[in-house]
Amino acid sequence: MPRMTWRDRFRGDPRITETPVHTLLDIVRIPTTARSSPWHLITRRFVYATLIILGVSIVVYVDKDGYSEPLTFIDAVYYAAVSLSTTGYGDITPVTQGARLLNILMITPLRIAFLMLLVGTTLSVLTEDSRKTFQIQQWRKTVRNHTVIIGYGTKGRSAVDALLADGASPTSIVVIDADPGVLAGAEQRGLVTVQGNATKSDVLNIAGVSRARSVVVAPSSDDTAVLVTLSVRELAPSAMIVASVRESENQHLLMQSGADSVVVSSETAGRLLGLATVTPPVVAMMEDLLSPDEGFAVAERPIGDDEVGANPRHLADVVLGVVRSGELYRIDSPEAETVEPGDRLLYVRHTRDTQDTSESIFPTE
């Protein structure tokens, strides 16, 4: 049996990527406004139809002397039902001018409304899958520059929290996970979800990884993170890949696999635990900086025209570093002595800063 190469292992399977869009209904979920279930919709419209029949029955019974025979209330309900449903047996007919006028002005419009109610319910239930198929098709055509979160565990959820707190739109985030229960929680937050194994390039293609701006690799195991990173880098050479590993000895594997940045979760947590036993306020401040919703946060912004040539230590913001040509220089490095045109500043921002200020710093394209 021939040996499988890395490229063969991660090559897309046309059975998935080339299948019709309607086959992805159980894989891709795009959040929409809350819609009633088909049974709830049918029940509600059945009640409306019953109320229409009851209303017409009362009107007919009030004018019971205007028909071909004296009517009981049961006769009135019978006449309303067969008339509104257009069955029309002809055994009961309006004979007076008033009863015929009532049929023309009231019962005929209600008959049309009754039929529209029944047909609309049927079409709504039968076309639900078609609507979802069209929605997925449109999404796959238009999705660009989004962020893909691979793994929606504790790390993946925290990454989503940070993105949303920084102003990212929920519709610009796609979550990949194999657990449908986990994805249900992501869908409730307004995120697009893809169910499947992210080590398979077919699943990554469905999530539009090749057109993503950034990819967060946060699975539960380090070996999975390596496989996913290899596949993502092959499909998306220009995307920014941020990966998480539990053990530091696996960090170099992620970097060699194509990750731009690697976070060692176990060592980071261990350092915080150690600091907490010696200097608890330091840990409290670190948690404040990492919490996106309150207190302070670390942010990045472009420099202003009046800041060119200045020392970043003397600016109004608390600057931590200077980003120049994609490289980060800490505030104590010689390269960060002077701010140059095109630089970006890494600084401490208060999360209560107004939205207007954020928009002026990060202009919308």
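**Figure 1. Two aromatic pairs, and the rule that picks them out.** Rings of Phe, Tyr and Trp (its six-membered ring) are called a pair if their centres lie within 6.5 Å, and planes over 60 degrees apart make the pair edge-to-face. In this predicted model, that rule gives a count of two aromatic pairs. Start with Tyr 61 and Phe 73: the ring centres are 5.7 Å apart and the planes stand at 85°, so this pair is edge-to-face. Tyr 61 belongs to helix H3 (residues 38-62) and Phe 73 to helix H4 (residues 73-84), so the pair ties together parts that are twelve residues apart in sequence. How accessible is Tyr 61? Its relative accessibility is 32%, and Tyr 61 counts as partly exposed. Phe 73 is partly exposed too, with a relative accessible area of 34%.

**Figure 2. The aromatic pair of Tyr 67 and Tyr 79.** Here the arrangement is edge-to-face, with 5.2 Å from centre to centre and 65° between the planes. Tyr 79 sits in helix H4 and Tyr 67 in the loop between H3 and H4, so parts twelve residues apart in sequence are tied together by this pair. Are these two residues buried or exposed? Tyr 67 counts as buried at 4% relative accessibility, and Tyr 79 counts as buried at 6%.

**Figure 3. An open sheet of seven strands.** To find your way across the sheet, follow the order E1-E4-E3-E2-E5-E6-E7; the pairing is mixed. Which strands stand at the edges? They are E1 (28-29) and E7 (261-264), each with a single partner strand, so one side of each has no neighbour in the sheet. Strands of a sheet pair through backbone hydrogen bonds, either parallel or antiparallel. For E1 and strand E4 (residues 192-195), the sense is antiparallel, over two bridges. Look for Val 28, which stands opposite Val 194 in E4.

**Figure 4. Helices H7 and H8 against the sheet.**

**Figure 5. Helix H10 and its buried residues.** This helix covers residues 222-235, 14 residues in total. From its first C-alpha to its last, H10 reaches 20 Å, close to the 20 Å expected at 1.5 Å a residue. Which residues of H10 are buried? Among them are Ala 225, Val 226, Leu 227, Val 228 and Val 232, and the list also includes Asp 222 and Arg 233.

Figure 6. With a relative accessible area of 77%, Asp 305 is exposed. Where is Gly 342 relative to Asp 305? Their C-alpha atoms are separated by 9.9 Å, and the two residues are 37 residues apart along the chain.

**Figure 7. Stepping back to the chain.** Now for the wider setting of these views. The chain holds 14 helices and eleven strands. Of its 365 residues, 33% count as buried. Among contacts in the chain with a separation of 6 or more, 63% come from residues 24 or more positions apart.

Note on methods
Residues numbered from 1 in each chain as written. Predicted model: local features only at pLDDT ≥ 70, side-chain atom pairs only at ≥ 80, totals over all residues. Heavy atoms only, no water. Phe/Tyr/Trp six-rings, centres within 6.5 Å; stacked < 30°, edge-to-face > 60°. Helix = DSSP H or I, 4+ residues; strand = E, 2+ residues; numbered from the N terminus. Buried < 20%, exposed > 50% of the residue type's maximum accessible area, 1.4 Å probe, protein only. Expected span 1.5 Å × (residues − 1). Pairing = 2+ DSSP bridges. Contact = heavy atoms within 4.5 Å. Axes fitted to C-alpha atoms, helices over the stretch in contact; angles between N-to-C directions.
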